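Open the model in your viewer and keep the selection panel at hand.

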Amino acid sequence: MMGGLGWNLIRGWTLLVYVFMFLPVAVVVLLSFNASQFGSFPMTGFSFRWFIELTQNDAILRAFRTSIILGLLTALISTTLGVLASLALVRYRVPGANVISTLLIAPILVPEVVLAVALLLFLNFLSINKSFALLLAGHVIFTLPFVILVVQARLVSIKRDVEEAALSLGANPVQTFFQITLPLMLPAVLAGALFAFTISFDDITGTLFWKPGGVETVPTQIFAMLRNSISPEINALGTVMIVMTVGLPLLGAAIARQMARKSGT
Amino acid sequence: MSSVHLNNIVKRFGNFTAVHPTDLTIPEGDFVTLLGPSGCGKTTNLRMIAGLLDPTEGEILIGGRRMNDVPIHKRNLGIVFQNYALFPHKTVAENVGFGLRYRDVPKSEVPGRVQAALDLVQLPDVGSRYPKALSGGQQQRIALARAIVIEPEVLLLDEPLSALDANLREDMRVELKRIQHQIGVTTVFVTHDQSEALAMSDRIVVMSAGRVEQVGTPEEVYNTPASTFVANFLGASNILPARCIGRDPDKIRLQVPQFGVVPVPGERAPGVGEGAAKLVLRAEKLTLLGDGADATGLITAQATVETVDYQGQTVRYFVRLGDTPLQAINMIDTRPFAAGSTVTIGFRPQDCAALQGE
Ligand SMILES: Nc1ncnc2c1ncn2[C@@H]1O[C@H](COP(=O)(O)OP(=O)(O)OP(=O)(O)O)[C@@H](O)[C@H]1O
Ligand SMILES: [Mg+2]
């Protein structure tokens, strides 16, 4: 075994790093239930007051709706494109498959700011104005790699001979896809969709660059509110965001596991 | 049920030729085995018949109909894969019934036909289970049921038994043959296991390096190998250079340096003319004789036992006759001969075959 002191130092340090990362989050959640006017310690009592106020703030509700619609559309488009791209790359011999694959994954590797500015410059060059569609396109571009990575990994593990068996039994390629391939990769497809939704839902960098005037998502709304004052409402909003972005993937994972258990895959 | 014809089929992958020009006729209702070592093109041939690979050249006919441009899902073939390839997300009954959904089978008849297929493979009670809850042997039976329930024109099996353990493999071999016999479907079976091929087939197609070496009944390929390759691949053979020194009406006489003149039955020496030839002496037909054993009708010689490989009921001897190493596989009921001893070896000339020499 390794010497005690060295390990203890590493252990202590790791603990500190986690505390540093998660303490602020804990503080936000805690303060969102604070009854006091001021979003700071000491807490004066426990209340849902700020959550109720959230539901009466039009700007926030609008931002929320925008975020949800944007997230859902991003998930839908990204997942569809991601599934099709994965199928093409894994199941068919596409010329230049490696290059295409790298290009599709690239947005993960490029810093988001660079990607954001690049897309903006490109649209300027084409003299296209900022719009919701552009914002959506941006979100699709940088969520797509996640979907492709997850779906591809799953698709590789689905044996080709299962599909061949379906074909030999008389199912045409489309029927084979919907009867065999899609159900078998469904957990990955759902996971990809959840990824896309959550990433889109809490993205701020790209969104700040791409959103047209007057449109706010939840993160940009929080950002805008912070410029005025630190209202306890922000803490409540933060808590809601945390619940959504942590809870959704957990829920998704649970559903996927349930499905996998039932089908025995 | 239909016959299968391959007319001058060639398959190339890039500039590698996996199947050289091949002609093959598989008669209706026959159980035909493609047998050969790994990489000889068995799977490639099977996949071309299935429609999973396009032949580079040549024609494939099933039931007299040209199939080259017919996609797999319109060919009505039953395929059994090496690793079963059951649909893991469907129950056994759904697996077996899968092919019926794409045929004009009234919905009300489906459960009955699925059950009949499950009965045929002797697993009547597993319909509601998922494949994961079955053993390997059971999964393979379900895969077979799924392939035959659609009443395919041809049943194609690619090493279906190789994933099973030895005992189960023997059982399944018998079972598979029984089922095939019962439904009488034309069957193409791929294996590299010669005993499997000999036991099950009506006809064996021995392949080597993308070419057909010989087509014949198990007895034919075993007793009258058409090439050195076939003689060596099916069981162990001793192949000795010889000269054909004469042809009688029903015999040819071979001059073999180690044994003198060996008269080989004419029907087991097709195409052997005067001149260079080879004597094929199966290891099972070469006997080590104890003291006082009856040697009438045998051609004998003195040899030294080099290695003894004891296998239970049989013993495999490696003996040396002068400079020539020979193999003998003998049944024994007493103790085997010891390594190093000098023994008389003998064989009946009518058990030999002959090949054209180089
Ligand atoms: N898609 C492919 N691309 C290139 N070469 C291939 C391809 N498929 C098969 N081959 C080659 O063709 C030859 C025949 O392969 P095949 O799979 O038919 O052999 P096999 O007789 O079934 O062998 P095994 O007993 O190992 O299954 C092999 O040398 C193999 O490497
Ligand atoms: Mg093979």
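This is a predicted model: local features need pLDDT of at least 70, side-chain atom pairs count only at pLDDT 80 or more; totals for chains, interfaces and linings use all residues.

**Chain A as a whole**

Followed along its sequence, chain A reads α-α-α-α-α-α-α-α-α-α-α.

**A helix pair in chain A**

Next, select residues 160-168 of chain A, which form helix 7, together with residues 173-201 of chain A, which form helix 8. How do the axes of these two helices cross? They come within 9 Å of each other, at an angle of roughly 145°. The crossing of helix 7 and helix 8 of chain A is right-handed.

- From helix 7 of chain A: Val162(A), Glu163(A), Ala166(A) and Leu167(A).
- From helix 8 of chain A: Pro173(A), Thr176(A), Ile180(A), Thr181(A) and Leu184(A).

Coloured by class, the residues of this contact between helix 7 and helix 8 of chain A come out as 6 nonpolar, 2 polar and 1 charged.

**The site of ligand 1**

Move to chain B and select the residues around ligand 1. These are Phe13(B), Phe16(B), Ala18(B), Ser38(B), Gly39(B), Cys40(B), Gly41(B), Lys42(B), Thr43(B), Thr44(B), Glu159(B) and His192(B). By class, this shell around ligand 1 holds 4 nonpolar, 6 polar and 2 charged residues.

Which elements of chain B each supply at least two residues of the shell? Highlight strand 2 (16-26) and helix 1 (42-50) of chain B. Helix 1 of chain B contributes the most to the shell around ligand 1, with 3 residues.

- Ser38(B): an N or O atom of the side chain is 2.5 Å from an oxygen atom of ligand 1.
- Lys42(B): an N or O atom of the side chain is 2.8 Å from an oxygen atom of ligand 1.
- Thr44(B): a polar side-chain atom lies 2.5 Å from an oxygen atom of ligand 1.

Finish with a surface view. How much of ligand 1 does the protein cover? On its own, ligand 1 has 630 Å² of accessible area, and the protein covers 60% of that.

Technical notes. Residues are numbered from 1 along each chain as its sequence is written. Chains are lettered from A and ligands numbered from 1 in the order in which they are written. Side-chain values use heavy atoms; hydrogens and water are left out. A residue is near a molecule or strand if one of its heavy atoms lies within 4 Å of it. A polar contact is a pair of N or O atoms within 3.5 Å; within protein, one must be able to donate a hydrogen and the other to accept it, and residues adjacent in sequence count only if both atoms are side-chain atoms. Accessible areas come from the Shrake-Rupley method with a 1.4 Å probe; for residues, only the protein chains shown count as cover. Helices (H or I, at least four residues) and strands (E, at least two) are DSSP runs, numbered from the N terminus. Ala, Val, Leu, Ile, Met, Phe, Trp, Tyr, Cys and Pro count as nonpolar, Asp, Glu, Lys and Arg as charged, and the others, Gly among them, as polar. Axes are lines fitted to C-alpha atoms, for helices over the stretch in contact, and angles run from 0 to 180 degrees between N-to-C directions. A crossing is left-handed if the near helix is turned anticlockwise from the far one by less than a right angle, and right-handed if clockwise. Contact means heavy atoms within 4.5 Å.
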